[in-house]
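Open the structure in a viewer and keep the selection panel at hand. The stops below say what to select and what is there.

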Amino acid sequence: MQIISWQQFGLKTNPYDTLPLVDGGELSLEDAFIGRDHERKLLSSLFKSENNICLTVCGDTGVGKTSLANFQKFIWKQDKEKPLFSCRREIEASDTLLDKQNFLLEVIGSMLREIALVEPKLLTDPTLAKLNAIIDFTQMMSISGGISADVAGFGGGVNFSKERNTSSPIKLTTTSIEQHFLNLLGFIKTKTIGGRQYYGLVIHVNNFDVVLKDKNNKKKVISFFNEIRDILQTKDVYSLFLGPSDFYSQIIAPEQRVKSIFTRTPLVVKPLSKTEVVRAFEKRMELLKSKNVQQYIKPIDDEVVFRLHDLYHGDIRSIMTGIKDILGQCSDRVVQPLSMNEAMTLLGRERWERVSSDLSPGKQSILTFLVKNNKYISTKEASTILGKQSSNISGYYFKPLKDLGILEEKERKGKMVYFGLTDEYQPLKWWFESEIGVKKDISDTKIKQPTLFD
Ligand SMILES: Nc1ncnc2c1ncn2[C@@H]1O[C@H](COP(=O)(O)OP(=O)(O)OP(=O)(O)O)[C@@H](O)[C@H]1O
Ligand SMILES: [Mg+2]
């Protein structure tokens, strides 16, 4: 893997940065954001017509959920009729967040952080100063190995009079934290912050897919929504919960109490189209062009982006990582976009280099079979190729390859299980397929063929 010089393309820096687009990020959110007209119209009309919203934003990994939410918050912030306060840093769903008090403290903390960024002097206001002290205190408790989840478990409320900036003691109970939240909401609706008077608040909770990966958390997440239901119904509070494709159907819909307060249809975020993804990359390169460069050089052909789009089902993050893997293999200066054959060869080689040292000759034979044949491999076939007993194949060959993320179970016929390459390692096959084509359009010195096909 080489270090990629972006300057050779006439770019100041990496255009394939996989972070979500965010207000105040390196790329201007306004300029770099592509498409999503339909989703944005829907969000806008929903938020305009209601004074309280709970909405799930659902979609597969890396399709652009967080960026969409960030973009929409940025637009709402500046809305002429009904500007809504929001925090540029979203709240991350996590095990500890699944608790009403922690959730409220997190919301309060992120609002204060946003105010501190936009107009720090407001933090001297008594309401905010008091809240700041609470947040400081709870953070101190969780850092010192204490019990952030238990902060409000001090029964009827404990007085902490040591806090900075305030004169009255802090009482931490669920009810009191709820009251603090309402006070803060009142504050943002009545005061001017950064020259703006806000109408309401957007709460954006990100990444429920991470929490829900652990199947044991499903019940916890459902009961969390039951717990925070009343807060979510506060007037002028607009909540967005981002999660996997089945987030609404699995978590919200089954529980009538929760379902009744949520917008009936989740906002389903589909992958951007192939041409939109290409447009997004072009936009980034335009924005990141080096000084005095008239035209940047596109690192790869659009066709390659299309192919990666198919491979990763529109997951933009994986597409960008794939492109970086390709470019990291290219030792020569790129003077024109890499062709499909070149790119696929380089990507296949990258995948091979990544794992080849972990593979015994036997495992390599299994990969060679999959790369050269257009079919999956069964235990029986593997035992024939390797000259080993069927009973040894699963444990000694398939399992380690599965653990490395190279193979996955593809189908079962009766008792027979068939394995094939995962999406991530599919490029090994392209490497083989492009071998012939590549000889025509790439010099031998650029790519030396390692051993997989020997
Ligand atoms: N509409 C868009 N225009 C341009 N770039 C986008 C757009 N949507 C997403 N991206 C880019 O795609 C990548 C993935 O986007 P994002 O992180 O928003 O997806 P996600 O669905 O939230 O992912 P995850 O499932 O990992 O949370 C980011 O690098 C982001 O900058
Ligand atoms: Mg996200």
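Predicted model: local features only at pLDDT ≥ 70, side-chain atom pairs only at ≥ 80, totals over all residues.

**Stop 1: ligand 1**

Select ligand 1 and display the residues around it. The shell has 24 residues, and those that come nearest are I34, T66, S67, R284 and R317. Colour the shell by class: eleven of its residues are nonpolar, seven are polar and six are charged.

Next, look at the oxygen atoms of the ligand. Which backbone and side-chain atoms lie by them?

- G62: one of its polar backbone atoms is 2.9 Å from an oxygen atom of ligand 1.
- D17: here a backbone N or O atom lies 3.4 Å from a ligand oxygen.
- N207: this residue uses its side chain, with a polar atom 3.2 Å from an oxygen atom of ligand 1.

On its own, ligand 1 has 630 Å² of accessible area, and the protein covers 96% of that. The site of ligand 1 is the largest pocket. Now colour helices α3 (65-77), α11 (274-287) and α13 (316-327): these are the elements that give two or more residues to the shell around the ligand.

**Stop 2: D79**

From α3, move on to the loop between α3 and β2 (84-85), where D79 is placed. Is D79 buried or exposed? Its relative accessible area is 19%, and the cut-off for buried is under 20%, so D79 counts as buried.

Show the side chains of D79 and K48, which are joined by a polar contact of 3.2 Å.

**Stop 3: E81**

Centre on E81, which lies in the loop between α3 and β2. With a relative accessible area of 66%, E81 is exposed, whereas D79 is buried. Select Y199 as well and draw a distance between the C-alpha atoms: E81 and Y199 are 118 residues apart along the chain, and their C-alpha atoms are separated by 8.7 Å.

**Stop 4: G322**

Return to helix α13, one of the elements that contribute to the ligand shell, and select G322, which is found in this helix. G322 has 1% relative accessibility and counts as buried. Finish by selecting E424: 102 residues separate G322 and E424 along the chain, and the distance between their C-alpha atoms is 9.0 Å.

Conventions: Residues numbered from 1 in each chain as written. Chains lettered and ligands numbered in written order. Heavy atoms only, no water. Near = heavy atom within 4 Å. Polar contact = N/O pair within 3.5 Å; in protein donor to acceptor, adjacent residues only side chain to side chain. Areas by Shrake-Rupley, 256 points an atom, 1.4 Å probe, with all protein chains shown as cover. 1 Å grid on protein atoms, 1.4 Å probe; cavity = no way out; pocket = protein on both sides within 12 Å on 5 of 7 lines; lining within 4 Å. Sits in = over half its atoms within 2 Å of the grid points. Helix = DSSP H or I, 4+ residues; strand = E, 2+ residues; numbered from the N terminus. Nonpolar A, V, L, I, M, F, W, Y, C, P; charged D, E, K, R; others polar. Buried < 20%, exposed > 50% of the residue type's maximum accessible area, 1.4 Å probe, protein only.
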